[in-house]
Amino acid sequence: MSKKILLVEDEPGLVLTLGDCLADEGYTVTVAQDGETGLHKAKEEAFDLLILDVMLPRKNGFDVLRDLRQFGVKTPAIMLTARGQVIDKILGLKLGADDYLTKPFDMGELLARIEAILRRTPQPDQTSAEVYTFGDVRVDYRRAEVTRNGQPVELAAREYHLLRYLIEHREATISRDELLNEVWGYDAMPTTRTVDVHVGLLRQKLEPNPRHPQFILTIHGLGYKFVG
Ligand code: CA
């Protein structure tokens, strides 16, 4: 299965060279040419790796990474820094970058770093702490994948993050406002009705009987509670 890489880089020449080179190595490459677009794509789709330039239009690479980590996206990231950005390097690692490369870099070096990171990214079955199961549902945090009876369940990014938040706060009653703040925080203006719609979608996809949910419970007048 081809590994998916999101390349966030604004220099057209580098995009072209890197894109070709990664594709030749068998990776599936998606390109974003500014920070905002990169952030959006990384939130909406599960990638195996991010290659993130620091100096980007609209949103710099650090801010993209910080926002992603706050959003709960743990995709490993390699940051591309300009020569001499030592402080940047430290900041990047603090923010949760897995590696960095200083431009200009050798393509072989980048490929080696990519392989190293993908190799040490644990596969689902080796990391029980990264997996949560309830009923016949299995949630793989590391890969951001959900299966039911072994069959993949297609969840939109928002549904996935909602599910994750519910699981992480299981047994607690969570208000719609809290869910809006924590799960929707960055994309302003949804209403509490949005939460209900997404809870409904999750139930449709994950509950044995969506009309009588046994995992994602409605606590009348208060919000929702995950039990499982
Ligand atoms: Ca740049």
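Q: Which residues touch the most other members of the largest nonpolar core?
A: This is a predicted model, where local features need pLDDT of at least 70, side-chain atom pairs count only at pLDDT 80 or more, and totals for chains, interfaces and linings use all residues. Residues are numbered from 1 along each chain as its sequence is written, and side-chain values use heavy atoms, without hydrogens and water. A nonpolar core is a set of buried (under 20% relative accessible area, 1.4 Å probe, protein chains only) Ala, Val, Leu, Ile, Met, Phe, Trp, Tyr and Cys residues joined through side-chain atoms within 4.5 Å. Of the 27 residues in the largest one, those touching the most other members are F134, V139, V146, L163, L166 and L179.

Q: Which element gives the most to this core?
A: Helices (H or I, at least four residues) and strands (E, at least two) are DSSP runs, numbered from the N terminus. Elements that each supply at least two core residues include β6 (131-134), β12 (223-226) and α8 (192-206). The top giver, with six residues, is α6.

Q: What does L166 touch beyond four places away in sequence?
A: Contact means heavy atoms within 4.5 Å. With residues up to four places away left out, L166 touches I174, L179, L202, I216, Y224 and F226.

Q: How many residues are in the second, separate core?
A: Its members include A32, L39, F71 and A77. The count for this second core is 19 residues.

Q: What percentage of the residues count as buried?
A: The protein chain has 228 residues. The buried share is 46%.

Q: How many helices and strands are in the protein chain?
A: Both kinds of element are present. The protein chain has eight helices and twelve strands.

Terms used
Buried means under 20% relative accessible area, exposed over 50%, partly exposed in between (1.4 Å probe, protein chains only).
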